[in-house]
Amino acid sequence: MATKDAPVNNPMVDPVTGEYRVIAPGHTFKSVTETVSRIVLTSHTPIGWFFGFALAGGFVMMLLVALTWLFLKGPGIWAVTIPVAWGFAIINFVWWIGIGHAGTLISAILLLFKQGWRNSINRFAEAMTIFAVVCAGLFPLIHIGRPWLGYWLFPYPNSMDYWPQFRSPLLWDVFAVSTYATISVVFWYIGMIPDLGTLRDRAQSKFAQFFYGLLSVGWRGSVRHWVRYETASLLLAGLATPLVLSVHSVISLDFAVALLPGWHTTIFPPYFVAGAIYSGFAMVLTLAIPIRTFYHLEDLITIRHIDNCGKVMLATGMVVAYGYSTEVFMAWYSASHWEYFMMWNRMFGPMGWSYWVLITCNIALPQLMWLRKFRSNVGLMFLMSLIVNTGMWFERFVIVVTSLTRDYLPSSWGTYRATKWDYATFAGTLGLFTFLFFLFVRFLPMIPMSELRLMLPQAKVKEKHEPLPEAGD
Amino acid sequence: MPLPEGLYGLMAEFESPTDLVHAAKQAHRAGYRRMDCYTPYPVEEAAEAIGFHRDEVSLVCLLGGLLGLAAMFGLETWISLWAFPLNIAGRPYYSWPAFVIPAYEWTILWAGLSAAFGMLALCGLPKPYHPVFNAPNFRNGATTDKFFLCLESTDPKFDAAEARSFLEAQKPISVVEVEY
């Protein structure tokens, strides 16, 4: 089926299966190691890197200005007020956490399903998770108004004789997100140790040898260590899988437990998780496509990866579409006047345009990904990843804002118009994310070298035919 | 404890995982026990060959997870019943279904941390210095593209001359002495 579209002589297509290859042919252990490690160990940082880093750094400065002003004046500089007390802060929180989920999905769930193709992209997908969680975690913290008291969220013995209230989903969030951040960092770092050992051994400068030597904790590739390492990786993957499903479910309970029309629904947990993975895969493509072009990694991040990401997006996008249809159906089937009005208001109210943006970006346009030609076109897939990310941001906007602006009594209705500080903070976190990512691709191995070696055909142990002598013990 | 001196072992370098596994099997059959293989990616067959079948990481992970579960569920129960009872919309003080979620998260947190740090501890890491790094060809290949078998001098069967002739019979690229 696949050979029909792809040219017969294309070296990136496996002649036996007709599938796109995961790694270009002809690579050796040394060549994959060098392709990845030279990006980090080079003494000539590409000029484009400095340019991108400076641009992202500018946005980080903007974030710092926005936060400083926020700490001086309070959350009143944002558009949050009654009835919309959860504005951009929560929209961005949910959006960023969702983006992180694809990283965990790629690194954990696809590992458990033995999807070998994930190996080239799992490291930077995990990095994406961590940086997205950093951006996400910032929002609840600054939204609480007095961020310096943020530690009150945790249970600890204190002189006020006060303890947290464990029946609230907002407190469940604290444990879900902090666990998620911790486990993601640990999984990422443990996975990186063998590669850090490679960098330590290949580094020329004394400083790099010391730096990577410290980080690699003296990894020497003993097979005894490898066995334990593999067990630990599988266990972490097995733990991260239920974790990632629980995190966005818990976040969706922040909404679903409230009695507000448009929020009080049982479809939220699965639909939030699917949406999270959807936007996360889109972000993986948003990052992977420029990186593979800029660093010439087309041999390692191949069309196969982009094609597979497209398929996952298509599948999760359909789950999200099912969630939207369920919302509409239930609004009618519940025969609740409030639910019915909420849906009408969402589609045709003063903010109806945002609902149609979301339907266009998340459901209508992604159907193009059914076409194999579309999925293997790098430029179009990059564009699609941006569209889906926009759509998913609007999904959170619709859920938070249209539901809150018009709840029950018309006398309590309000409106919402984001201020420049809202936009500056959001754009600032986009900058922070990019800034951290630039540091990551420059200083850490963004593709797991040990896992790439494992995928090469010569990595397999072949049976030797000469008979072994009889055991002497 | 005085620093050990002298010969740590003999290190043979191989070109392919197949050669390494073959040599490791032979060494195990010849009666060597204190030895290790060093590979740039996980080679399970090599671990099998030197007689390493079981690791305790799973057990550590299980214990950590159970500890996390008990700790958080206990904390929630103690807080809600004794330390700080709050009437939240008339719900019972012992609202165990609500307590499940933080307890679930802490099970995963402590199981994950135990698996990761337990793995490092069982491996004896961090250990920035190790004699195998003294082998002149080790750092060039072990984490990139070469496969090593090291017979250690603490093995009762170890005899420098005999071990060298044994290793050289396995068609390695080279055999070198590793000093402490």
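Predicted model: local features only at pLDDT ≥ 70, side-chain atom pairs only at ≥ 80, totals over all residues.

Me: In which loop is the place of Lys171(B)?
Reply: Helices (H or I, at least four residues) and strands (E, at least two) are DSSP runs, numbered from the N terminus. On that basis, Lys171(B) comes between two elements of chain B, and its place is in the loop between helix H6 (160–168) and strand S4 (174–179).

Me: Is Lys171(B) buried or exposed?
Reply: The backbone of Lys171(B) has a positive phi of about 55°, although the residue is not a glycine. For accessibility, buried means under 20% relative accessible area, exposed over 50%, and partly exposed in between (1.4 Å probe, protein chains only). Because its relative accessibility is 64%, Lys171(B) counts as exposed.

Me: Does Ala89(B) count as buried or exposed?
Reply: Ala89(B) is found in the loop between helix H3 (57–83) and H4 of chain B. Its phi is positive, at about 50°, although Ala89(B) is not a glycine. Since the relative accessibility is 70%, Ala89(B) counts as exposed.

Me: What pattern does chain B follow along the sequence?
Reply: The secondary structure of chain B comes to 6 helices and 4 strands. Read along the sequence, these elements follow the pattern β-α-β-α-α-α-α-β-α-β.

Me: What radius of gyration does chain B have?
Reply: The radius of gyration is taken over C-alpha atoms, and the globule rule is 2.2 Å times the number of residues to the power 0.38. The C-alpha trace of chain B spans about 80 × 40 × 30 Å along its principal axes. A compact globule of 180 residues would have a radius near 16 Å, but chain B has 25 Å.

Me: Why does the radius of gyration of chain A agree with that of a compact globule?
Reply: Chain A contains 16 helices and 0 strands, and its C-alpha trace spans about 90 × 60 × 55 Å along the principal axes. A compact globule with 473 residues would have a radius of gyration near 23 Å, so there is agreement with the value for chain A, 24 Å.

Me: What share of the residues of chain A counts as buried?
Reply: Contact means heavy atoms within 4.5 Å. Among contacts in chain A between residues at least 6 apart in sequence, 80% join residues at least 24 apart. Of its 473 residues, the share that counts as buried is 59%.

Me: Where in chain A is the place of Pro83(A)?
Reply: The peptide bond from Ile82(A) to Pro83(A) is cis, with omega near 5°. As for its position, Pro83(A) is in the loop between helix H3 (47–73) and helix H4 (88–112) of chain A.

Me: Which residues is Lys460(A) in contact with, leaving aside its neighbours within four places in sequence?
Reply: Lys460(A) is found in the segment after helix H16 (449–455) of chain A. With 54% relative accessibility, Lys460(A) counts as exposed. Leaving aside neighbours within four places in sequence, Lys460(A) is in contact with Pro17(B) and Thr18(B).

Me: Which three residues supply 10% of the area that chain B buries against chain A?
Reply: In the interface, 75 residues of chain B are in contact with 66 residues of chain A. Buried area is the accessible area (1.4 Å probe) that two parts lose on being put together, summed over both; between chain B and chain A it is about 6,400 Å², of which carbon and sulfur atoms give 67%. The three residues that supply 10% of the area that chain B buries against chain A, more than any other three, are Arg29(B), Tyr41(B) and Thr143(B).

Terms used:
Residues numbered from 1 in each chain as written. Chains lettered and ligands numbered in written order. Heavy atoms only, no water.
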